[in-house]
Amino acid sequence: MARDLRGFIKILEEKGQLKRISALVDSELEIAEISNRMLQKGGPGLLFENVKGADFPVAVNLMGTVERICWAMNMEHPQELETLGKKLAMLQQPKPPKKISQAIDFGKVLFDVVKAKPGRDFFPACQQVVVQGDNLDLNKLPLIRPYPGDAGKIITLGLVITKDCETGTPNVGVYRLQLQSKNTMTVHWLSVRGGARHLRKAAENGKKLEIAIALGVDPLIIMAAATPIPVDLSEWLFAGLYGGSGVQLAKCKTVDLEVPADSEFVLEGTITPGEVLPDGPFGDHMGYYGGVEDSPLVRFQCMTHRKDPVYLTTFSGRPPKEEAMMAIALNRIYTPILRQQVSEIVDFFLPMEALSYKAAIISIDKAYPGQARRAALAFWSALPQFTYTKFVIVVDKNINIRDPRQVVWAISSKVDPTRDVFILPDTPFDTLDFASEKIGLGGRMGIDATTKIPPETDHDWGAPLESDPEVAEMVERRWAEYGLDNLDLQEVDPNLFGYDMR
């Protein structure tokens with residue numbers, strides 16, 4: 001498998017999922033416009049080899065489909081991601097094994113943790129070229145500006161690395177950075193994120209916060225850094241678990257931090273607590289421009305990079321976007337962890353069109369009245385990342401939650417709005433959600449779309465329509481005899497059913 005960006009680009013090219021573009025393009029708006037059109041159609045990754053005013057090529061849309069996310073994780077099918085989720089579930093809440101087979105499985109997971117321990121590279125590729133002092137000019141990086149109303153150029157897929165000044169514990173996150181000058185940027189992170197906590201601690205101790213930005217890393221490491229799972233393990237160990245072997249790390253040149261040794265670029269700098277500049281507005285995942293916020297100012301003193309580096313980027317916005325594809329993959333990883341937290345849940349799905357977290361569809365093995373409501377309430381509190389989920393729809397286990405036609409049928413045929421819809425008002429909410437009457441405070445809705453049982457209803461439910469099993473088996477057997485075996489009935493065109501999807 002690929003363990004650096006170049007290896008992943010090679011895999012995509014070999015599989016016919018990379019398009020090299022030699023025509024001159026502009027990082028101002030043009031790259032994003034081209035990439036957005038490709039994302040809408042599930043097209044290949046793009047490598048722009050000739051970017052105006054830059055010496056480095058730009059890679060974008062490498063993770064623009066779930067299939068390519070799976071390849072980054074050394075897998076072929078999204079279902080395989082649940083196996084990884086089972087490992088993480090065991091580590092999050094280990095239980096005493098009741099059988100020899102369970103003990104063996106847990107032993108395998110512990111062995112995987114040992115293998116996942118990070119390694120050290122003393123002659124890293126990311127430091128083949130070192131730029132310091134007055135020679136450092138961030139304008140030489142092909143930073144993109146995706147939308148015309150954006151405040152400036154941004155870094156979007158950089159690993160932002162900091163550490164606790166007291167314990168030395170590192171944090172690796174993926175945050176947006178805005179270019180402010182040739183050697184400064186602002187970093188936009190929520191107050192609950194690890195980097196923000198480290199900055200507050202540095203301020204309490206009267207210290208500057210050291211920070212490193214690793215650009216162009218193995219996409220698998222980006223997935224690990226984007227996984228907000230409450231397990232007391234470092235992101236480097238997560239990445240090792242994801243990849244099956246430890247990430248090779250290298251010591252930075254001017255700050256006491258470690259970065260992936262095969263990064264294409266590394267920026268090294270410091271944040272002085274209290275030093276801020278306006279950041280934004282920028283287009284965000286909600287499909288609107290966000291606001292302007294005073295954000296910490298990062299002063300960079302060093303940049304290192306590989307010879308002939310490749311700059312990796314992406315951008316937010318209304319789905320489909322790369323971040324939405326990553327969320328779909330993470331959905332699969334979360335599933336076993338969620339089942340461990342809420343035992344009645346059979347499966348759950350966060351639709352991309354609902355911004356990957358605003359609406360959740362849950363299927364349950366219903367056994368008693370009121371269970372759907374209990375499952376919805378348990379979901380909201382199961383994992384921190386579900387705090388901002390606005391709508392939870394609960395269906396029976398025989399409903400395919402990834403088929404919107406089945407979900408809409410369940411809502412339409414099984415829901416009485418008076419009885420089956422409940423609303424929780426004035427709950428903590430996403431500050432980017434402009435639909436809320438008050439920013440940061442909003443309501444949640446649960447919808448019970450399961451088959452009702454007494455005392456939820458006082459009348460019998462109609463028997464579901466099903467084919468006669470003997471006739472169905474006979475038709476299956478005689479399908480070729482009818483002359484219908486040459487028809488491809490696997491691919492469903494939604495436009496044949498009244499939809500307009502282009």
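In which strand is the place of His305?

His305 sits in strand 15, residues 293–305. Strands (E, at least two residues) and helices (H or I, at least four) are DSSP runs, numbered from the N terminus. The model is predicted: local features need pLDDT of at least 70, side-chain atom pairs count only at pLDDT 80 or more, and totals for chains, interfaces and linings use all residues. Residues are numbered from 1 along each chain as its sequence is written, and side-chain values use heavy atoms, without hydrogens and water.

His305 counts as buried because its relative accessibility is 9%. Buried means under 20% relative accessible area, exposed over 50%, and partly exposed in between (1.4 Å probe, protein chains only). Neighbours within four places in sequence are set aside here; His305 then contacts Ala125, Cys126, Gln127, Gln128, Val129, Glu264 and Phe265. Contact means heavy atoms within 4.5 Å.

## Two domains

Domain 1 covers 5–312 and domain 2 covers 342–448. These bounds come from an automatic or database domain assignment. The domain centres, taken over C-alpha atoms, are 31 Å apart. Nine residues from domain 1 and 10 residues from domain 2 make the contact.

About 820 Å² is buried between domain 1 and domain 2, and carbon and sulfur atoms give 69% of that area. Buried area is the accessible area (1.4 Å probe) that two parts lose on being put together, summed over both. On the side of domain 1 that touches domain 2, five residues are nonpolar, three polar and one charged. Ala, Val, Leu, Ile, Met, Phe, Trp, Tyr, Cys and Pro count as nonpolar, Asp, Glu, Lys and Arg as charged, and the others, Gly among them, as polar.

## Cis peptide bonds

Gly280 and Pro281 are joined by a cis peptide bond, with omega near 5°. Pro281 lies in the loop between strand 14 (265–279) and strand 15.

The bond from Pro319 to Pro320 is also cis, with omega about 5°. Pro320 is in the loop between strand 16 (311–312) and helix 9 (322–341).

## Positive phi angles

Leu29 is not a glycine, yet its phi is positive, about 70°. Its loop runs between strand 1 (18–21) and helix 2 (30–40). Leu29 counts as partly exposed, at 29% relative accessibility.

Asn61 also has a positive phi, near 65°. Asn61 lies in the loop between strand 3 (58–60) and helix 3 (66–72). With a relative accessible area of 0%, Asn61 is buried.
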